[in-house]
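Here is a friendly walk through one protein model, written for someone who likes to check contacts by eye. Keep your viewer open and follow along.

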Amino acid sequence: MDIQKSIEAYKEGKVSVVENTKQVLEKIKNDTTNAYIAFDEEDSIKRAEYLDKKLANNEKLGKLFGIAVAVKDNISYKNMDMTCASNMLKGFRPMFDAKVIENLLKEDAIIIAKTNMDEFAMGARGKTSVFGPVKNPIDPERVTGGSSSGSAAAVSKGDVLVSLGTDTGGSVRGPASYCNILGYKPSYGMVSRNGVVSMANTLDQVSVFAENIEDLRNIASIIAGPDENDMTVRLDDYDYSREDYDFEGKKIAYISTSDFLNKGIEEEVKNDYKIGLDMLKNMGAELTEISLKYSKYANQVYNVVMSSEVSSNMSRFDGIRFGHQSKTYTSVDELFINSRSEGLGEEVQRRIALGTMYLSADDDQRVYRQGLKLRNLIKKELESVFEDFDLIITPTTINLPPFLEDDYSDPLSDFKSDGFNVLVNLAGMCGISLPVRKGISGACQFIANSYEDKKLLNASEEFLRRINEN
């Protein structure tokens, strides 16, 4: 089933929106992966009843008529709490809808639930949520990946056709790889971030999970577009139309598994990456190995830029202006310290501390400034690649999903498997994770230049069609 077939089923009277919505809600109620933080049965049924009446009255139907969409809990929907999976925002009810939510509702979608996530989107495993970790639907003993863990699980186990997450350094593509579904991160500025709780402003992008490219294309075309309240978003609509993509003669750049960026790659992921490379050769693509001079520093640069922006963005959550307020204090300073200590988890506090250090005026922000210089070099290096190549292919992550009980004694371990993902965010480009076989496995990532999202999705559709034929 996909979006268009679901809408046709409504039109043909095979199922009502209310009936389908109740079925989805039952799946959410019986969820065993801990994928959801909140849902409002009354709100969803009321919305479904409104849509059924709209159909009965022969009114014009939206492009997402009756489609249930699960949304990461850092995206504002005024009819449900928004917690960012943190004690800091427990019980917080936003006053307005995010722009992406407005766009979905205009096309008759139903916001069915808010999904679990790493606290304030800080984590790559789906384990830092105050509500507990999210279990991988394919293997419940493994992680889903993060930070958009619940949104990935919701699609992977078939509760919903599509879901929204946010991707700052692989937070959609990583979970998509671990859960064997599609995860698409649009070019920076393609989708409004208005109403989305910022983690790192220059890296964040609302992104999409789905089981097929047509559904990705459908959702992306709806959530993208201008927004007068977001100065970083495009001023015009984007053409996401479907076009046949022929790989014959296309120049594809790839990075060898022996390259520094693939250091530590697991054997099974290496083999799955080879499946993708071999398929491209079979389709007539010209593959050329490349080596990136500056991109080997991507993880370190990401850590500096992301943590610095986290430090700035999280300053509002102090127990006075915003968020959890401690009941035990004897001074304003103590109120500030206690509120943040009680309200924020260890990983969030660690990133705030790192960012504050990088931004230190005593050091003239030396590390942060150097990070920005390297980021610019990484971006220019990737842009130069696209002067000669149509796409870049990489592994999405260099490892299979770890087990939930794995002990991560290294606090920086989250960053080690996402080197190829963070490149895309640092450069503001678009990327997509594509499964190459069923089950727990590696995945391939296609990367395209900024605002070449249409080409990215069309190429991905042809690649998946050929993979699924074999």
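The sections below go from the core and the strands to charged pairs and backbone details.

## The model and its cores

Please keep in mind that this is a predicted model. Its largest nonpolar core holds 88 residues. Within that core, Ile101, Leu104, Ile112, Leu164, Phe247, Phe446 and Phe463 touch the most other members. There is also a second, separate core of 49 residues, with Met82, Met122, Leu344 and Val424 among them.

Strand β3 has a partner in β1 (residues 36-38): the two run antiparallel and are joined by two bridges. In this pairing, Ala38 stands opposite Lys114 of β3. Strand β2 (residues 68-72) pairs with β3 too, in the parallel sense and over five bridges. Here Val69 is the residue opposite Ile111 in β3. Together with helix α4 (residues 99-106), strands β2 and β3 make a right-handed β-α-β unit.

The loop between β2 and α4 contains Asp73. Is this residue buried or exposed? With a relative accessibility of 0%, Asp73 counts as buried. Its side chain meets that of Lys114 in a polar contact of 2.9 Å.

Setting aside neighbours within four places in sequence, Asp73 is in contact with a list of residues including Ile37, Asp81, Thr83, Cys84, Thr115 and Met117. Met82 is also in contact with Asp73, and Met82 belongs to the second core described above.

## Salt bridges

Side chains of opposite charge can pair when their charged atoms come close. How many salt bridges does the model contain? The count comes to 31.

Lys14 bridges to Glu12, with the closest N and O atoms 3.1 Å apart, and Lys14 is exposed at 65% relative accessible area. Asp139 and Arg142 form another salt bridge, their closest N and O atoms being 3.1 Å apart; Arg142 is buried, at 15%. Glu243 and Lys454 meet at 2.8 Å, N to O. Because Glu243 sits in the loop between α7 (213-223) and β7 (251-254) while Lys454 belongs to helix α15 (residues 453-469), this pair ties together parts that are 211 residues apart in sequence. Glu243 is partly exposed, with a relative accessible area of 43%, whereas Lys454 counts as buried at 16%.

## Backbone details to check

Which two residues are joined by a cis peptide bond? They are Gly146 and Ser147, and omega is about 10°. Ser147 has its place in the loop between β3 and α5 (149-156).

Asn58 is not a glycine, although its phi is positive, at about 60°. Asn58 lies in the loop between α3 (41-56) and β2 and is exposed, with a relative accessible area of 69%. Gln365, also a residue other than glycine, has a positive phi near 50°. The loop between α11 (346-358) and α12 (366-385) is where Gln365 is found, and Gln365 is partly exposed at 26% relative accessible area.

How values were computed:
Residues are numbered from 1 along each chain as its sequence is written. This is a predicted model: local features need pLDDT of at least 70, side-chain atom pairs count only at pLDDT 80 or more; totals for chains, interfaces and linings use all residues. Side-chain values use heavy atoms; hydrogens and water are left out. A nonpolar core is a set of buried Ala, Val, Leu, Ile, Met, Phe, Trp, Tyr and Cys residues joined through side-chain atoms within 4.5 Å. Buried means under 20% relative accessible area, exposed over 50%, partly exposed in between (1.4 Å probe, protein chains only). Two strands pair if DSSP finds at least two bridges between them. Helices (H or I, at least four residues) and strands (E, at least two) are DSSP runs, numbered from the N terminus. A crossover is right-handed if, with the strands pointing away from the viewer, the path from the first strand over the helix to the second runs clockwise. A salt bridge is a side-chain nitrogen of Lys or Arg within 4 Å of a carboxyl oxygen of Asp or Glu. A polar contact is a pair of N or O atoms within 3.5 Å; within protein, one must be able to donate a hydrogen and the other to accept it, and residues adjacent in sequence count only if both atoms are side-chain atoms. Contact means heavy atoms within 4.5 Å.
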